[in-house]
Amino acid sequence: MSRNIRRVKERAFLCGVALLTALAVLPLFHIIMTVTVRGLPEVVSGGLRFLTGTLSEGGIGPAIAGTFLLTFLSALLGLPVAFLVGLYAYEFPNSAVGRWTKTLLQIMLEFPTILVGVFVMQVLVVPMGTYSAIAGTLSLAIILTPYVAVYTHEAMRQIPFTYRETSFSLGLTRTRVLFRVLAPMARRGILTGGLIGLAKVAGETAPLLFTAGGLYESYPHSVTAPVGSISLLIYQLVQSPSPADHRMAWGASLVLLLIFLDIFVPIRLSLREVKL
Amino acid sequence: MNLAIETRNLHVYYGNNHVIKGVDLQIPAKGIFALMGPSGCGKSTMLRTFNRLIELNDGARVEGEVLLFGKNIYSPDVDPIGIRRQVGMVFQYPNPFPHLTIYDNVALGLKLNRLLPGEKIRERVEWALKKAALWDEVKDRLDDYPSNLSGGQKQRLVIARALAMKPRVLLMDEPTANIDPVGTAKIEELLFELKEEYTIVLVTHSPAQAARVSDWVAFLYLGKLIEVGPTRKVFENPEHELTEKYVTGALG
């Protein structure tokens, strides 16, 4: 009797957990489905013109180029800094600066991204007198850096102490131990962090609002001139009253989703292969 | 007697914890010197003062002197990097670098320290693997990763990694603690061959192993040196009651 009650309780609990899990991930599938259903016709009917044409030609080519440009430049600027900061936090965990670095990274992770945009507007856009690709790059790099630094730090911390001892016991200098032995050992984790950072900034909107400006009638040609991005374009199109613009926004959303999944899915798959 | 390592009034502290309490020890050159004692008696800590690896622990403090072939390695003008190149080390858990091939594991120290020109490295790697009695087992798969090697093979690979640097002293921190009996026998056999040319300091918690392989033995208990001498004498005719208890198994 009591055994049956235990079983019923167990069943009920499992069902409850399954239900809540489904609720939690439902939005994700809903987003993917809606974006595909509403965006795909737009992309298919537009064809190559949609992917390469300018806005007045019915395409989002400059926005795609802008997203790639901004992501690439912010990676160029942010990844090396993030890598070094992450290594620093790992190597000097007990120094005052090291402890502060860790705390500040945590704060930066959760920092409202729009404030980053406001900050960059103050220090770059206002003095330059124009929106620009470098302003967009800088704000994205500021968002990317803490992510990648934290991932780098975590990846390094996963390395058992014995490998650190071994490296030093071979008479290597601290720099070589860090850069030539331990960092390569953690390369998969560090790389994953880098890609997650890229996926994150590829879809950011808020930090670009006051920095990138937008450019949809021609391809970007200078880093000191305004540049567009897919996410920014979606934001602008949705605000327009025209149904045609809304359809275009769905198409652009699908493209953005695909770019994001392209970066993100391989990361998840590669994570499974990790073996130490 | 020609001394490889000598400690003079050696003290080690971890924070407020006094781990090694004034040890004076003389380790002769060439041969196997065993440091034995129950877990937590400070053997591994002591071993790590011989190549200044102890300094990787932030809280550790060393007082006293450690002389390596007559030179105090704790004097201010000594660079620990140079010391570590003369003193190889093998650890309790077989730890070849998992992200490097078998070849690169052995070549790593030579490559990164730029000790040898490129073409000489291959010769040295082969030499070290032969010395470690591993060459025949891995010569056809030098470019494989070490994950498929057995525990004993991994440990011999790690010994080859240390030997490739041509150290004068080899420190071994319970090298067979995580190895099966067959692998252990092979490593002990290897120690017999290496002791003709190297000074080997072997940390072990097993009196039986100390009795089997060592020429001299020191018994450490709660951070103090209780007894030291030729292995036969210490085992057959110990001077101290604690030593007798330990070697007969009455002391954990």
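Two strands pair if DSSP finds at least two bridges between them. I wrote that down first. Helices (H or I, at least four residues) and strands (E, at least two) are DSSP runs, numbered from the N terminus.

I noted that this is a predicted model, where local features need pLDDT of at least 70, side-chain atom pairs count only at pLDDT 80 or more, and totals for chains, interfaces and linings use all residues. Residues are numbered from 1 along each chain as its sequence is written, and chains are lettered from A and ligands numbered from 1 in the order in which they are written.

**Entry: the sheet in chain B**

I looked up an open sheet of four strands and found the order β2-β1-β4-β5 (chain B), paired antiparallel. Its edge strands are β2 (17–28) and β5 (71–72) of chain B, each pairing on one side only. Next I checked β4 (residues 60–68) of chain B, which two bridges join to antiparallel β5(B). Which residue of β5(B) stands opposite Leu67(B)? I found Asn72(B) there.

**Entry: chain B as a whole**

I counted ten helices and ten strands in chain B. The radius of gyration, taken over C-alpha atoms, is set against a globule rule of 2.2 Å times the number of residues to the power 0.38. For chain B the radius is 18 Å, close to the 18 Å from the rule for 252 residues, so chain B is as compact as a globular protein of that length. Its C-alpha atoms fill a box of roughly 55 × 45 × 35 Å along the principal axes.

I then looked at burial (buried: 20 or more other C-beta atoms within 10 Å of a residue's own; exposed: 12 or fewer; C-beta atoms placed from the backbone). Buried residues make up 44% of the 252 in chain B.

**Entry: helix α4 of chain B**

I picked α4(B), residues 118–131. This helix has 14 residues and reaches 20 Å from first C-alpha to last, close to the expected 20 Å at 1.5 Å a residue. That expectation is 1.5 Å times one less than the number of residues. Which residues of α4(B) are buried? I listed Val125(B), Ala128(B) and Leu129(B). Down the axis of α4(B), they fall within an arc of 95°, so they line one face of the helix. The arc is that of the directions from the helix axis to the C-beta atoms. On the other side, Glu119(B), Lys120(B) and Glu123(B) are exposed. Just after α4(B), Ala133(B) takes a positive phi of about 55°.
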